[in-house]
Amino acid sequence: MTKPIWVPGPVIVGAGPSGLAAAACLKHKGISSLILEKDDILASIWQFKTYDRLRLHLPKQFCQLPLMPFPKNFPSYPTKQQFLAYLKSYAEHFDIKPAFSNTVVSAEFDQRCGYWRVKCEKVKKKEEIEYVCRWLIVASGENAVEVVPQIEGMGEFEGPIMHTSSYKSGSMFCGKKVLVVGCGNSGMEVCLDLCNHNAQPSLVVRDTVHILPQQMLGKSTFGLSMSLLKWFPIRFVDKFLVLMSHVMLGDTAQFGINRPKFGPLELKNLYGKTPVLDVGTVAQIKSGKIKVCRGIKRLAKNAVEFVDGKIESFEAIILATGYKSNVPSWLKGTDMFSEKDGFPRKPFPNGWKGENGLYAVGFSKRGLFGSSIDAKRIAEDIERSWKAVEATHV
């Protein structure tokens, strides 16, 4: 271990959209920060672990980071490559230069000296560095680690089993029977992509889920919901969204996808569960090109047995089973984050601030919109502390 390095401003863990947003808001207030990033590139999850056809699910005005909108010539729903170009421009505009290839192995508040000690491993040099700072901002994200369920018979199945983090395009599955496990936005979109590449996808739906059209009445469903909530209670808006979805998409229960008892917005507020925004998958389910299946009981050589007793052969399985936070594995000595799921214990909008100068950005389960709200609050809070420290020194 080399001599500890003092960082006068905050240390930010993670150079994804959340980390960049926090650094930009601090820079705007004249406060420099140090971003530590385990990979050697900005937004590594967006770069390496997303499929080719991905677009932002919400309109760009709800996904822009603070202080810099998307270019006017970008479409309403920017592509993956357009979003990455925007992040690169954002970092350049605010002169944000993360310290790449720095994996944070531990971060702990030292009660004796009153500072955070952040220990890093330099990936290429195989050496450890310790940073000491007053403020620590956790921006490592909700999607740091893939969730891979353990299914009976996984070792017996002869075809490939991959997580969506490894899926790029349906071109490699042309003509094949593919089982997609998980009915979130990713699972639905991967099924659609497989259809477009002449594969034969089936979709495992275990739980209830709300599917809403991406657009309603000529507006984005999200934008329309936000407008209605200014005038009407959440339950009224939920009833309106479900009614419109029924009119536009039909009764999803008819093809095996049941809606939860809570409305889509209420469910999001209570449990952070995001409704699916349909971009064409429902039409393919109705046409029979995508089959809906019950939960998996076990796998065999080239077949899958479902909980309803049906057995069907498949050539590949794609796990659209999501991600989880990895914060408890490296952040020590604090109860701000739950050991169970790695998210702040306090629900939105109060999960952004902990004790002893600890903050979280991008854990609100509200996407880029939530990250922007967190980043602004954190910068304002640190600015107050920064001015207090400066006044003390003077």
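**Salt bridges and a parallel sheet in a predicted model**

Asp 110 forms a salt bridge with Arg 112, with the closest N and O atoms 3.3 Å apart; a salt bridge here is a side-chain nitrogen of Lys or Arg within 4 Å of a carboxyl oxygen of Asp or Glu. The model is predicted, so local features need pLDDT of at least 70 and side-chain atom pairs count only at pLDDT 80 or more, while totals for chains, interfaces and linings use all residues. Residues are numbered from 1 along each chain as its sequence is written, and side-chain values use heavy atoms, with hydrogens and water left out.

**Salt bridges**

- By this rule the count comes to 17 salt bridges.
- Asp 110 is buried at 8% relative accessibility, whereas Arg 112 is exposed at 78% (buried means under 20% relative accessible area, exposed over 50%, partly exposed in between; 1.4 Å probe, protein chains only).
- Asp 110 and Arg 112 belong to a salt-bridge network with Arg 117 and Glu 130.
- Glu 266 forms a salt bridge with Arg 235, with the closest N and O atoms 3.1 Å apart.
- Glu 266 is buried at 15%, and Arg 235 is exposed at 55%.

**Sheet**

- An open sheet of five strands has the order β9-β20-β10-β11-β16, with parallel pairing (strands are DSSP runs of E, at least two residues, numbered from the N terminus; two strands pair if DSSP finds at least two bridges between them).
- Strands β9 (161-163) and β16 (291-293) stand at the edges, each with a single partner strand, so one side of each lacks a neighbour in the sheet.
- Five bridges join β10 (residues 177-181) to β11 (residues 200-204), and Val 181 has Val 204 as its bridge partner in β11.

Definitions and conventions:
Helix = DSSP H or I, 4+ residues; strand = E, 2+ residues; numbered from the N terminus.
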